[in-house]
Amino acid sequence: MSSIGQENNFSVEMEDIVLRFPGVLANDHVNFTLKRGEIHALLGENGAGKSTLMNVLSGLYRPESGTIKINGKTIIFNSPKDAIASGIGMVHQHFMLVPTLTVTENILLGLDEPKFIMNLPKYNSKIGELQEKYGLKVDPTAKIWQLSVGEQQRVEILKMLYRGVDILILDEPTAVLAPQEIEDLMETMSALVAQGKSIIFISHKLNEVQQVADRLTVLRKGKVTAEGIPVEGLTRTQLAELMVGREVIFRIEKHHKEPGEVVLKVSNLSAENSRGLPAVKDVSFTIREGEILGIAGVAGNGQSELVEAITGLRPCTGSICINGQEVANQSPRAGMKCGMAHIPEDRTGVGTAPNISITGNAIMKNYRQEPISNGWRINYPAADEHASGLKDLYDIQAPSVNTQARKLSGGNLQKLILAREISCDPKLIVAMQPTRGLDVGAIESIQNLLLEQRSNGAAILLLSEELEELFELSDRIAVIYEGELVGQLDADQADLNTVGMMMTGSLRSDE
Amino acid sequence: MSFEVILRAGLATGTILIFASLGEILAERSGVMNLGVEGMMLIGAMAAFKVAFTTQNAWLGLLAGILAGGILSLAHGVVTIHFQADQTVSGLSLTFLGTGLALVLGEGLTGKNAAILPKLDIPLLSSIPWFGRIFFSDFNILVYLGYILVPLTWFYIHKTRPGMHLKAVGEKPSAADTLGINVYRLRYIYTFIGGCMAGLAGAAISIAISPGWYSSLTTSGQGWIAIALVIFAHWNPFPVALGGYFFGMLRRFTLDLQGPMTFLGMRNPFFYDHNLVFFLQMTPFILTIIALVWGSSTARRKRRGAPAALGVPYIRGERGL
């Protein structure tokens with residue numbers, strides 16, 4: 001209908017996409033266009049519907065209404081295979097790789113060739129050629145479980161390139177990467193675009209969007225708030241405002257504070273992971289009153305096991321002293337009695353019981369105490385009162401304290417956990433990924449709560465994959481790599497590059 | 001009591017276990033654990049015997065046995081793949097269902113004579129000195145089929161494209177799904193093949209290796225041993241073969257042990273008190289119980305190389321596997 005030149009400009013046009021999940025309108029009349037040869041960022045908070053929209057484009061979900069045009073032609077996808085046949089490939093946030101198969105096997109999975117008998121050497125060299133062309137280095141004969149996260153991501157991209165895909169969807173590709181790996185990925189993206197591919201880049205990291213994207217589309221609560229606007233000239237504050245719908249202050253106030261007595265002393269701690277392999281190896285550190293020790297590391301380097309050992313959830317060897325009291329290999333309650341608060345990584349599995357009420361979750365730590373219980377009977381009116389006090393104080397958005405915890409949004413759920421832990425007046429806070437997946441507004445209030453506790457003299461162990469957060473909050477930064485602490489630095493002396501290299505194991509500080 | 005006799009008996013009866021275990025390997029590799037092997041074997045044994053008896057054609061009997069096992073396994077498929085119910089519970093129910101059906105439908109078959117699959121020598125191979133006589137002569141045709149199926153299954157799993165798809169579906173179904181592999185269809189297919197193999201194992205008893213219908217004693221718990229064997233063998237065909245033949249030999253050994261008055265130069269207690277043999281005969285079952293209890297821990301299963309998605313129903317769009 002329109003001129004051919006006009007049509008050729010866009011490789012993807014999505015119009016009026018509607019998709020509903022039980023109880024949620026995930027995509028509310030969403031429009032999205034992708035130009036040939038551009039990097040188009042798709043921004044939004046968690047749950048804004050970015051991944052949903054892209055799952056529609058990659059054929060995993062079918063929209064209730066709306067049309068998808070690829071290179072000007074209307075297309076209906078029944079499966080991801082259809083989408084790939086039309087040249088659209090998605091690299092998922094959680095990698096879609098079979099850990100026990102080799103790189104080559106993963107790339108060949110689902111293809112019609114080879115017909116029956118696998119001739120792996122032949123395909124290994126074919127994939128080698130593809131790697132040369134796009135500069136994506138990874139050993140084709142390695143098994144996926146042997147690869148680093150960055151390498152696995154390269155396999156995912158290769159998988160799509162092998163299928164001759166022109167449009168690549170990268171779903172939060174940098175979330176799991178170390179800084180150097182992020183740099184590599186950015187270079188790869190530029191190289192791909194230079195070879196004529198188009199890229200959709202899902203992210204909620206504003207600096208990355210500014211660095212690589214040409215245009216951006218912003219989603220908020222399933223609706224488009226900015227459609228295909230050029231990135232150049234936008235400030236970070238404007239971007240954040242588009243995402244959250246209000247102004248966000250990025251600066252957080254951190255006052256200088258002289259640390260006091262040693263609160264947590266961990267010496268020669270070792271622990272195994274659930275497969276029985278060593279995960280934490282001979283780790284020693286101390287944290288003092290009013291001090292935040294940040295632990296940086298790429299996910300899966302023993303952080304979870306370290307936290308579980310300290311909080312009494314995992315057997316270990318070595319010593320863990322809180323204010324001089326040994327708590328290693330005792331129950332979580334032993335740590336709690338010494339004033340330990342735990343903000344776990346897994347909010348719905350460990351942090352809360354999703355199916356019980358806010359009240360029930362709020363009193364989980366102090367249900368033994370007056371006035372909530374008299375020793376054996378819980379005084380529910382008092383418990384409700386306690387919970388609604390916390391709800392108001394910490395601004396937890398919920399209809400009432402009888403609302404089930406699972407109905408809370410990620411940010412409000414995290415506030416509930418913090419409210420419960422902080423209201424016990426902790427001496428030590430162990431926080432793992434306290435802001436992961438939260439939107440800019442919630443991140444701000446969680447970070448401020450932690451700093452407030454620091455001012456009150458609590459010792460805080462903070463584990464995060466967000467380096468920026470670690471640098472802003474921590475007094476000291478330690479880096480964990482393959483279960484070992486490979487360096488401890490003062491936060492004002494540490495720089496991103498050094499920490500990044502330690503995180504990938506290419507540098508150790510000699511201590 | 002001679003080693004050669006025990007070895008040959010082991011090769012013959014071991015074949016039964018190997019058929020059932022190979023089928024279970026395929027099903028479990030696709031992510032579907034089927035604890036109904038005993039039931040499927042028994043219904044296979046009954047169907048094979050009944051058809052071979054009424055038609056007096058052993059080949060028709062074999063076909064009936066295979067199909068009976070396969071059809072019964074589809075019930076497990078519908079319950080666990082389509083309705084995503086718990087695989088353990090469904091598998092156990094399948095054993096009860098299969099056993100019950102087989103006993104009812106097999107009523108009156110005891111003591112009857114059915115047509116039996118032929119025994120034969122393998123040309124050329126059987127003329128190799130000693131070796132040919134032990135391994136390639138005067139065996140039921142199904143024993144030779146076992147010889148072939150073991151390496152064939154290994155080759156299929158590890159060296160072919162459908163084998164790679166099978167592993168992908170059992171290890172990470174979501175990855176397979178995004179690449180256009182139909183997880184549900186493959187799981188149905190391999191559950192069915194697993195059932196057919198169990199049916200074949202049953203038929204191998206009733207119309208080939210130890211012919212006859214002896215109601216529930218026909219299989220006498222070998223289905224459970226087959227499942228344990230899969231765990232022992234880390235889901236690999238060759239160790240399954242070793243274990244299968246070993247259990248077969250053990251079975252014959254415990255029988256033969258009652259014969260001589262002395263054993264290894266000593267007074268043979270089993271000759272004087274046959275009740276002691278019961279303890280020896282328990283061995284495979286005790287090992288089975290240990291394997292099943294020990295293997296029921298998910299963490300241990302993972303460490304031993306169980307398919308990561310074993311026992312987990314696949315639901316598209318859910319996080320996890």
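Select B:Tyr190 and show what surrounds it. Leaving aside residues up to four places away in sequence, B:Tyr190 touches B:Leu26, B:Ala27, B:Ser30, B:Val32 and B:Leu166. This is a predicted model. B:Tyr190 sits in helix 9 of chain B, residues 183-209. Is B:Tyr190 buried or exposed? It has 26 C-beta neighbours inside 10 Å, so it counts as buried.

Go back to B:Leu166, one of the residues touched by B:Tyr190. Select helix 7 of chain B, residues 161-171.

Which residues make the contact? Helix 6 of chain B brings B:Tyr156, B:Ile157, B:His158 and B:Lys159. Helix 7 of chain B brings B:Gly163, B:Leu166 and B:Lys167. By class, the residues of this contact divide into three nonpolar, two polar and two charged.

**Where chain B meets chain A**

Keep helix 7 of chain B selected and show chain A. The contact between the chains takes 18 residues from chain B and 20 residues from chain A. On the chain B side, helix 7, helix 8 (173-178) and helix 14 (298-303) each supply at least two residues. Which helix of chain B gives the most to that side? Helix 7 of chain B does, with five residues. Colour this side by class: seven residues are nonpolar, four are polar and seven are charged.

**Chain B as a whole**

The C-alpha atoms fill a box of roughly 65 × 45 × 40 Å along the principal axes. The radius of gyration of chain B is 20 Å, which agrees with the value near 20 Å for a compact globule of 321 residues. Of those 321 residues, 49% count as buried. Look at contacts with a separation of 6 or more: residues 24 or more positions apart account for 77% of them in chain B.

**Chain A as a whole**

Switch to chain A. Expect 18 helices and 20 strands. The C-alpha box is roughly 75 × 50 × 45 Å along the principal axes. A compact globule of 511 residues would have a radius of gyration near 24 Å; chain A has 25 Å, which agrees. Buried residues make up 45% of the 511. Among contacts in chain A between residues at least 6 apart in sequence, 67% join residues at least 24 apart.

**The domains of chain A**

Colour chain A by domain. The assignment gives domain 1 (4-244), domain 2 (254-339 + 426-506) and domain 3 (351-425). The C-alpha centres of domain 1 and domain 2 of chain A lie 34 Å apart. Their contact takes ten residues from domain 1 of chain A and twelve residues from domain 2 of chain A.

Select helix 7 (179-194) and helix 9 (236-244) of chain A. Each supplies at least two residues of the domain 1 side. Helix 9 of chain A gives the most to that side, with three residues. By class, the domain 1 side has seven nonpolar, two polar and one charged residues.

**Helix 10 of chain A**

Next, select residues 303-310 of chain A. This is helix 10 of chain A, and eight of its eight residues are buried, so it is largely enclosed by the rest of the structure. They are A:Gln303, A:Ser304, A:Glu305, A:Leu306, A:Val307, A:Glu308, A:Ala309 and A:Ile310. A:Gly312 follows helix 10 of chain A, and its phi is positive, near 85°.

**Backbone stops in chain A**

- A:Asp282: phi is positive, about 50°, although this is not a glycine. It lies in strand 12 of chain A, residues 278-288. With 14 other C-beta atoms within 10 Å, A:Asp282 is partly exposed.
- A:Asp425: phi is again positive, about 55°, and this is not a glycine. Find it in the loop between helix 15 (410-422) and strand 17 (428-432) of chain A. A:Asp425 counts as exposed, with 11 C-beta neighbours inside 10 Å.
- A:Glu113 and A:Pro114: a cis peptide bond joins them, with omega about 5°. A:Pro114 lies in the loop between helix 4 (103-108) and helix 5 (120-134) of chain A.
- A:Glu370 and A:Pro371: a cis peptide bond joins this pair, with omega about -5°. A:Pro371 is in the loop between helix 13 (358-362) and helix 14 (380-393) of chain A.

Definitions and conventions. Residues are numbered from 1 along each chain as its sequence is written. Chains are lettered from A and ligands numbered from 1 in the order in which they are written. This is a predicted model: local features need pLDDT of at least 70, side-chain atom pairs count only at pLDDT 80 or more; totals for chains, interfaces and linings use all residues. Two residues are in contact if their C-beta atoms, placed from the backbone, lie within 7 Å. Helices (H or I, at least four residues) and strands (E, at least two) are DSSP runs, numbered from the N terminus. Ala, Val, Leu, Ile, Met, Phe, Trp, Tyr, Cys and Pro count as nonpolar, Asp, Glu, Lys and Arg as charged, and the others, Gly among them, as polar. A residue is buried if 20 or more other C-beta atoms lie within 10 Å of its own, exposed if 12 or fewer, and partly exposed in between; C-beta atoms are placed from the backbone. The radius of gyration is taken over C-alpha atoms; the globule rule is 2.2 Å times the number of residues to the power 0.38. Domain bounds come from an automatic or database domain assignment.
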